[in-house]
Amino acid sequence: MIRECIKCLLTSDIPGIVIESDNLCSICKEHQEKVSRYTFSEAEARENLASLKSRILRRRRGEYDALLGLSGGVDSSYLAKLAVDLDLNILCVHFDNGWNSKVAIRNIGKIIEKSNFDLITHVIDWSEFKDLQRSFFYSGVIDIEMLTDHAIFASMYRLAKKYKVKTILSGTNFRTEHGMPSAWVWNKMDYKNIKDIHQKFGRKKIKSFPTLSPYLWLLMKQFGLRANFEEPLNLINYEKFTAIRELREYFDWEDYGGKHHESEFTKFYQTYILPIKYGVDKRTVHLSDLIRNNEISRAEGAKELADIEFPVIDEKLKQYVVKKLGFTGEEFDGLMSLPPIPHSKYKTDVFFINRLKSIRSRIVGS
Ligand SMILES: [Zn+2]
(Lines give C-alpha, C1' and ligand atoms only; values in the text may rest on other atoms or scores of the structure.)
Protein backbone atom coordinates (compact mmCIF):
# COMPACT_ATOMS: atom_id res chain seq x y z
CA MET A 1 0.00 0.00 0.00
CA ILE A 2 1.29 3.45 -0.90
CA ARG A 3 1.49 5.68 2.18
CA GLU A 4 1.36 9.48 2.15
CA CYS A 5 3.23 11.91 4.38
CA ILE A 6 0.80 14.00 6.43
CA LYS A 7 2.95 17.13 6.14
CA CYS A 8 4.14 17.13 2.49
CA LEU A 9 3.25 15.44 -0.83
CA LEU A 10 5.88 12.70 -0.82
CA THR A 11 4.68 9.10 -0.88
CA SER A 12 6.24 5.76 0.06
CA ASP A 13 6.47 4.61 -3.60
CA ILE A 14 9.20 7.22 -4.29
CA PRO A 15 12.60 5.50 -4.00
CA GLY A 16 14.31 6.32 -0.71
CA ILE A 17 11.22 7.87 0.91
CA VAL A 18 10.14 6.15 4.11
CA ILE A 19 6.91 7.14 5.85
CA GLU A 20 7.52 6.62 9.54
CA SER A 21 5.08 5.55 12.26
CA ASP A 22 4.02 9.14 13.00
CA ASN A 23 3.06 9.47 9.30
CA LEU A 24 5.89 11.89 8.56
CA CYS A 25 8.25 11.13 5.68
CA SER A 26 12.00 10.80 6.10
CA ILE A 27 12.59 14.15 4.36
CA CYS A 28 10.18 16.02 6.67
CA LYS A 29 11.91 14.40 9.67
CA GLU A 30 15.29 15.54 8.43
CA HIS A 31 13.85 18.99 7.73
CA GLN A 32 12.56 19.25 11.32
CA GLU A 33 16.03 18.39 12.62
CA LYS A 34 17.90 20.86 10.45
CA VAL A 35 15.60 23.81 9.80
CA SER A 36 16.70 25.73 12.90
CA ARG A 37 20.16 26.07 11.30
CA TYR A 38 18.52 27.99 8.45
CA THR A 39 16.13 30.15 10.49
CA PHE A 40 17.16 33.66 11.48
CA SER A 41 15.74 36.81 13.03
CA GLU A 42 15.94 39.89 10.81
CA ALA A 43 18.93 41.14 12.77
CA GLU A 44 20.70 37.78 12.50
CA ALA A 45 20.13 37.63 8.72
CA ARG A 46 21.51 41.17 8.35
CA GLU A 47 24.53 40.22 10.42
CA ASN A 48 25.06 37.03 8.38
CA LEU A 49 25.11 39.03 5.15
CA ALA A 50 27.44 41.65 6.62
CA SER A 51 29.94 38.99 7.66
CA LEU A 52 29.57 37.33 4.25
CA LYS A 53 30.56 40.64 2.68
CA SER A 54 33.60 41.00 4.95
CA ARG A 55 34.71 37.43 4.15
CA ILE A 56 34.38 38.08 0.42
CA LEU A 57 36.29 41.38 0.54
CA ARG A 58 39.02 39.89 2.71
CA ARG A 59 39.62 37.14 0.16
CA ARG A 60 39.56 39.35 -2.92
CA ARG A 61 42.69 39.35 -5.10
CA GLY A 62 41.55 40.42 -8.56
CA GLU A 63 39.10 42.98 -9.94
CA TYR A 64 35.92 41.12 -8.96
CA ASP A 65 34.58 40.28 -5.51
CA ALA A 66 32.78 37.13 -6.64
CA LEU A 67 31.56 35.02 -9.55
CA LEU A 68 27.87 34.36 -9.99
CA GLY A 69 26.37 31.83 -12.40
CA LEU A 70 23.28 33.56 -13.76
CA SER A 71 20.56 31.45 -15.40
CA GLY A 72 17.76 34.03 -15.23
CA GLY A 73 15.90 31.69 -12.84
CA VAL A 74 14.68 32.70 -9.38
CA ASP A 75 17.59 31.58 -7.22
CA SER A 76 20.46 32.99 -9.28
CA SER A 77 18.54 36.21 -10.01
CA TYR A 78 17.92 36.66 -6.30
CA LEU A 79 21.63 36.16 -5.61
CA ALA A 80 22.25 39.05 -8.01
CA LYS A 81 19.75 41.16 -6.04
CA LEU A 82 21.52 40.34 -2.74
CA ALA A 83 24.88 41.20 -4.35
CA VAL A 84 23.49 44.61 -5.40
CA ASP A 85 22.23 45.19 -1.85
CA LEU A 86 25.70 44.30 -0.51
CA ASP A 87 27.35 46.64 -3.03
CA LEU A 88 29.61 43.88 -4.37
CA ASN A 89 31.43 43.94 -7.71
CA ILE A 90 30.27 40.73 -9.39
CA LEU A 91 31.31 38.96 -12.56
CA CYS A 92 28.18 37.21 -13.79
CA VAL A 93 28.57 34.13 -15.97
CA HIS A 94 25.80 32.89 -18.15
CA PHE A 95 26.05 29.43 -19.63
CA ASP A 96 24.25 29.20 -22.97
CA ASN A 97 23.73 25.54 -23.85
CA GLY A 98 21.36 26.38 -26.69
CA TRP A 99 18.14 25.82 -24.70
CA ASN A 100 17.55 29.17 -22.98
CA SER A 101 13.97 30.40 -22.93
CA LYS A 102 13.32 33.93 -24.18
CA VAL A 103 12.12 34.92 -20.71
CA ALA A 104 15.43 33.81 -19.17
CA ILE A 105 17.41 35.86 -21.68
CA ARG A 106 15.22 38.92 -21.05
CA ASN A 107 15.67 38.50 -17.29
CA ILE A 108 19.45 38.33 -17.61
CA GLY A 109 19.44 41.50 -19.76
CA LYS A 110 17.35 43.36 -17.17
CA ILE A 111 19.54 42.23 -14.25
CA ILE A 112 22.77 43.25 -15.99
CA GLU A 113 21.38 46.62 -17.01
CA LYS A 114 20.14 47.52 -13.55
CA SER A 115 23.06 46.07 -11.54
CA ASN A 116 25.85 47.25 -13.86
CA PHE A 117 27.63 43.93 -13.20
CA ASP A 118 29.91 42.58 -15.94
CA LEU A 119 28.62 39.55 -17.81
CA ILE A 120 30.40 36.76 -19.64
CA THR A 121 28.21 34.52 -21.75
CA HIS A 122 29.74 31.12 -22.30
CA VAL A 123 28.20 29.82 -25.52
CA ILE A 124 28.75 26.11 -25.73
CA ASP A 125 29.63 24.43 -29.04
CA TRP A 126 26.13 23.28 -29.96
CA SER A 127 27.17 20.38 -32.21
CA GLU A 128 29.21 18.89 -29.34
CA PHE A 129 26.51 19.46 -26.75
CA LYS A 130 23.87 18.00 -29.06
CA ASP A 131 26.04 14.89 -29.53
CA LEU A 132 26.46 14.56 -25.75
CA GLN A 133 22.72 14.97 -25.09
CA ARG A 134 21.89 12.47 -27.85
CA SER A 135 24.29 9.93 -26.37
CA PHE A 136 22.58 10.31 -22.99
CA PHE A 137 19.23 9.57 -24.65
CA TYR A 138 20.66 6.42 -26.26
CA SER A 139 22.22 5.33 -22.96
CA GLY A 140 18.85 5.34 -21.15
CA VAL A 141 20.20 7.05 -17.98
CA ILE A 142 17.95 9.41 -16.04
CA ASP A 143 20.11 12.46 -15.34
CA ILE A 144 20.46 14.05 -18.78
CA GLU A 145 20.76 17.40 -17.00
CA MET A 146 24.06 16.45 -15.38
CA LEU A 147 25.77 17.50 -18.64
CA THR A 148 24.78 21.14 -18.13
CA ASP A 149 25.48 21.12 -14.40
CA HIS A 150 28.91 19.58 -14.95
CA ALA A 151 29.83 22.09 -17.65
CA ILE A 152 28.66 25.09 -15.59
CA PHE A 153 30.79 24.02 -12.68
CA ALA A 154 33.82 23.31 -14.86
CA SER A 155 33.47 26.77 -16.47
CA MET A 156 33.28 28.45 -13.07
CA TYR A 157 36.49 26.71 -12.02
CA ARG A 158 38.30 27.99 -15.13
CA LEU A 159 36.94 31.52 -14.82
CA ALA A 160 37.83 31.71 -11.13
CA LYS A 161 41.40 30.94 -12.16
CA LYS A 162 41.44 33.29 -15.14
CA TYR A 163 40.05 36.32 -13.28
CA LYS A 164 41.61 35.51 -9.90
CA VAL A 165 38.17 35.52 -8.26
CA LYS A 166 38.25 33.94 -4.82
CA THR A 167 34.52 33.58 -4.11
CA ILE A 168 31.78 31.83 -6.04
CA LEU A 169 28.19 32.61 -5.04
CA SER A 170 26.02 29.52 -5.19
CA GLY A 171 22.20 29.46 -5.22
CA THR A 172 22.10 26.11 -3.42
CA ASN A 173 19.71 26.39 -0.51
CA PHE A 174 18.12 24.18 2.09
CA ARG A 175 14.75 25.91 2.20
CA THR A 176 13.58 25.50 -1.41
CA GLU A 177 15.85 22.72 -2.69
CA HIS A 178 15.75 19.95 -0.17
CA GLY A 179 15.02 16.27 -0.46
CA MET A 180 15.45 15.32 -4.10
CA PRO A 181 15.39 11.48 -4.11
CA SER A 182 18.87 10.25 -4.92
CA ALA A 183 17.51 7.77 -7.49
CA TRP A 184 16.27 10.70 -9.61
CA VAL A 185 19.65 12.38 -10.07
CA TRP A 186 23.30 11.42 -10.46
CA ASN A 187 26.46 12.98 -9.10
CA LYS A 188 27.37 15.93 -11.36
CA MET A 189 31.08 15.48 -10.63
CA ASP A 190 31.10 12.08 -12.30
CA TYR A 191 32.96 12.96 -15.50
CA LYS A 192 33.96 9.31 -15.98
CA ASN A 193 30.25 8.47 -16.38
CA ILE A 194 29.74 11.24 -18.98
CA LYS A 195 32.86 10.16 -20.86
CA ASP A 196 31.94 6.49 -20.96
CA ILE A 197 28.37 7.16 -22.12
CA HIS A 198 29.65 9.46 -24.84
CA GLN A 199 32.31 6.98 -25.95
CA LYS A 200 29.66 4.30 -26.32
CA PHE A 201 26.95 6.33 -28.03
CA GLY A 202 28.45 9.59 -29.33
CA ARG A 203 29.66 10.25 -32.87
CA LYS A 204 31.66 13.45 -32.55
CA LYS A 205 35.00 14.16 -30.95
CA ILE A 206 34.53 16.38 -27.89
CA LYS A 207 37.01 19.24 -27.95
CA SER A 208 35.60 22.25 -26.13
CA PHE A 209 32.91 20.97 -23.71
CA PRO A 210 34.11 22.15 -20.26
CA THR A 211 35.00 19.27 -17.97
CA LEU A 212 36.60 18.95 -14.56
CA SER A 213 38.04 15.97 -12.75
CA PRO A 214 36.25 15.03 -9.53
CA TYR A 215 39.56 15.51 -7.64
CA LEU A 216 39.79 19.20 -8.56
CA TRP A 217 36.04 19.63 -8.10
CA LEU A 218 36.13 18.25 -4.55
CA LEU A 219 39.23 20.23 -3.66
CA MET A 220 37.46 23.40 -4.77
CA LYS A 221 34.01 22.71 -3.34
CA GLN A 222 35.07 21.17 -0.07
CA PHE A 223 38.45 22.71 0.65
CA GLY A 224 38.31 26.07 -1.15
CA LEU A 225 41.06 25.38 -3.70
CA ARG A 226 41.07 28.23 -6.24
CA ALA A 227 37.88 29.78 -4.80
CA ASN A 228 35.48 29.45 -1.89
CA PHE A 229 31.83 28.62 -2.30
CA GLU A 230 29.34 30.76 -0.45
CA GLU A 231 25.63 29.99 -0.19
CA PRO A 232 23.99 33.34 0.66
CA LEU A 233 20.45 31.94 0.38
CA ASN A 234 21.26 29.73 3.37
CA LEU A 235 22.08 32.82 5.45
CA ILE A 236 18.58 34.32 5.26
CA ASN A 237 15.01 32.99 5.60
CA TYR A 238 14.86 32.42 1.86
CA GLU A 239 11.37 32.18 0.41
CA LYS A 240 10.61 31.63 -3.25
CA PHE A 241 7.50 33.80 -3.49
CA THR A 242 9.05 36.69 -1.56
CA ALA A 243 12.07 36.47 -3.87
CA ILE A 244 9.86 36.56 -6.97
CA ARG A 245 7.99 39.60 -5.64
CA GLU A 246 11.22 41.48 -4.90
CA LEU A 247 12.72 40.51 -8.26
CA ARG A 248 9.64 41.78 -10.11
CA GLU A 249 9.77 45.08 -8.25
CA TYR A 250 13.49 45.63 -8.52
CA PHE A 251 14.51 44.20 -11.91
CA ASP A 252 11.08 44.08 -13.62
CA TRP A 253 11.89 40.35 -13.67
CA GLU A 254 9.45 37.95 -15.34
CA ASP A 255 8.28 34.61 -13.97
CA TYR A 256 8.52 31.60 -16.30
CA GLY A 257 6.28 29.18 -14.42
CA GLY A 258 7.68 25.85 -13.19
CA LYS A 259 10.91 25.28 -11.28
CA HIS A 260 13.89 25.50 -13.65
CA HIS A 261 11.68 26.11 -16.68
CA GLU A 262 14.06 28.92 -17.63
CA SER A 263 15.47 26.30 -20.04
CA GLU A 264 13.27 24.85 -22.79
CA PHE A 265 15.03 21.51 -22.48
CA THR A 266 14.57 21.38 -18.69
CA LYS A 267 10.90 22.19 -19.12
CA PHE A 268 10.44 19.31 -21.58
CA TYR A 269 12.65 17.01 -19.47
CA GLN A 270 10.63 17.63 -16.31
CA THR A 271 7.13 17.70 -17.80
CA TYR A 272 7.47 14.94 -20.45
CA ILE A 273 10.64 12.81 -20.39
CA LEU A 274 10.84 12.22 -16.61
CA PRO A 275 7.17 11.32 -16.05
CA ILE A 276 6.78 9.23 -19.21
CA LYS A 277 10.03 7.28 -19.30
CA TYR A 278 11.07 7.27 -15.64
CA GLY A 279 7.75 7.65 -13.77
CA VAL A 280 9.17 10.72 -12.01
CA ASP A 281 7.18 13.84 -11.11
CA LYS A 282 9.63 16.37 -9.65
CA ARG A 283 6.71 18.72 -8.90
CA THR A 284 6.00 16.65 -5.78
CA VAL A 285 9.48 17.47 -4.45
CA HIS A 286 9.36 21.16 -5.45
CA LEU A 287 5.86 21.65 -3.98
CA SER A 288 6.81 19.71 -0.83
CA ASP A 289 9.72 22.13 -0.35
CA LEU A 290 7.28 25.06 -0.53
CA ILE A 291 4.96 23.35 1.98
CA ARG A 292 7.80 22.75 4.46
CA ASN A 293 8.90 26.36 3.95
CA ASN A 294 5.35 27.48 4.92
CA GLU A 295 4.82 29.19 1.54
CA ILE A 296 1.82 27.08 0.54
CA SER A 297 -0.44 24.67 2.42
CA ARG A 298 -0.44 20.92 1.76
CA ALA A 299 -3.95 21.29 0.31
CA GLU A 300 -2.80 23.99 -2.14
CA GLY A 301 0.11 21.80 -3.23
CA ALA A 302 -2.16 18.77 -3.69
CA LYS A 303 -4.58 20.92 -5.70
CA GLU A 304 -1.80 22.07 -8.01
CA LEU A 305 -0.72 18.46 -8.60
CA ALA A 306 -4.31 17.44 -9.35
CA ASP A 307 -5.27 20.46 -11.47
CA ILE A 308 -2.47 20.29 -14.01
CA GLU A 309 -2.64 17.37 -16.39
CA PHE A 310 0.64 15.52 -16.15
CA PRO A 311 2.71 14.61 -18.14
CA VAL A 312 2.24 17.77 -20.16
CA ILE A 313 1.60 16.89 -23.80
CA ASP A 314 2.85 20.00 -25.61
CA GLU A 315 3.29 18.82 -29.20
CA LYS A 316 4.93 22.07 -30.28
CA LEU A 317 7.58 21.88 -27.55
CA LYS A 318 8.11 18.17 -28.24
CA GLN A 319 8.64 18.74 -31.97
CA TYR A 320 11.04 21.60 -31.22
CA VAL A 321 13.18 19.48 -28.86
CA VAL A 322 13.12 16.34 -31.01
CA LYS A 323 14.07 18.25 -34.17
CA LYS A 324 16.77 20.28 -32.44
CA LEU A 325 18.37 17.06 -31.14
CA GLY A 326 18.32 15.63 -34.66
CA PHE A 327 15.98 12.71 -33.92
CA THR A 328 13.03 11.67 -36.07
CA GLY A 329 9.73 11.49 -34.19
CA GLU A 330 9.75 7.68 -34.45
CA GLU A 331 13.32 7.35 -33.26
CA PHE A 332 12.61 9.58 -30.25
CA ASP A 333 9.41 7.71 -29.31
CA GLY A 334 11.36 4.45 -29.65
CA LEU A 335 14.03 5.68 -27.20
CA MET A 336 11.32 6.86 -24.81
CA SER A 337 9.75 3.40 -24.77
CA LEU A 338 13.00 1.59 -23.88
CA PRO A 339 13.50 0.73 -20.19
CA PRO A 340 15.60 3.11 -18.06
CA ILE A 341 19.22 2.09 -17.50
CA PRO A 342 20.99 3.02 -14.23
CA HIS A 343 24.03 5.32 -14.45
CA SER A 344 25.99 2.62 -12.60
CA LYS A 345 25.78 0.36 -15.68
CA TYR A 346 28.41 2.67 -17.16
CA LYS A 347 31.90 3.46 -15.87
CA THR A 348 31.66 5.69 -12.82
CA ASP A 349 33.74 7.50 -10.24
CA VAL A 350 30.84 7.83 -7.83
CA PHE A 351 32.14 5.32 -5.28
CA PHE A 352 35.47 7.10 -5.21
CA ILE A 353 33.74 10.52 -4.93
CA ASN A 354 31.61 9.31 -2.02
CA ARG A 355 34.70 7.96 -0.26
CA LEU A 356 36.47 11.31 -0.62
CA LYS A 357 33.37 13.10 0.65
CA SER A 358 33.17 10.92 3.73
CA ILE A 359 36.88 11.50 4.43
CA ARG A 360 36.22 15.23 4.12
CA SER A 361 33.28 15.15 6.51
CA ARG A 362 35.36 13.23 9.04
CA ILE A 363 38.03 15.94 8.84
CA VAL A 364 35.92 19.10 8.81
CA GLY A 365 32.42 17.93 9.76
CA SER A 366 29.43 17.86 7.44
ZN1 LIG B 1 6.95 14.76 4.23
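**A walk through the fold**

On the H3 side, Ser77, Ala80 and Val84 make the contact, and H4 brings Asn107, Ile111 and Ser115; contact is C-beta atoms, placed from the backbone, within 7 Å.

A word on the source: this is a predicted model, where local features need pLDDT of at least 70 and side-chain atom pairs 80 or more, while totals for chains, interfaces and linings use all residues. Residues are numbered from 1 along each chain as its sequence is written.

Zooming out, the protein chain has 15 helices and five strands, taken as DSSP runs (helices H or I, at least four residues; strands E, at least two) numbered from the N terminus. Its radius of gyration is 20 Å, close to the globule rule's 21 Å for 366 residues, so the chain is as compact as a globular protein of that length. That radius is taken over C-alpha atoms, and the rule is 2.2 Å times the number of residues to the power 0.38.

Now look at alanine 183, in the loop between strand E4 (167–169) and helix H7 (191–201). Alanine 183 counts as partly exposed because it has 14 C-beta neighbours inside 10 Å; 20 or more would be buried, 12 or fewer exposed. Not counting residues up to four places away in sequence, alanine 183 touches Pro15 and Gly16.

Note on methods: Contact = placed C-beta atoms within 7 Å.
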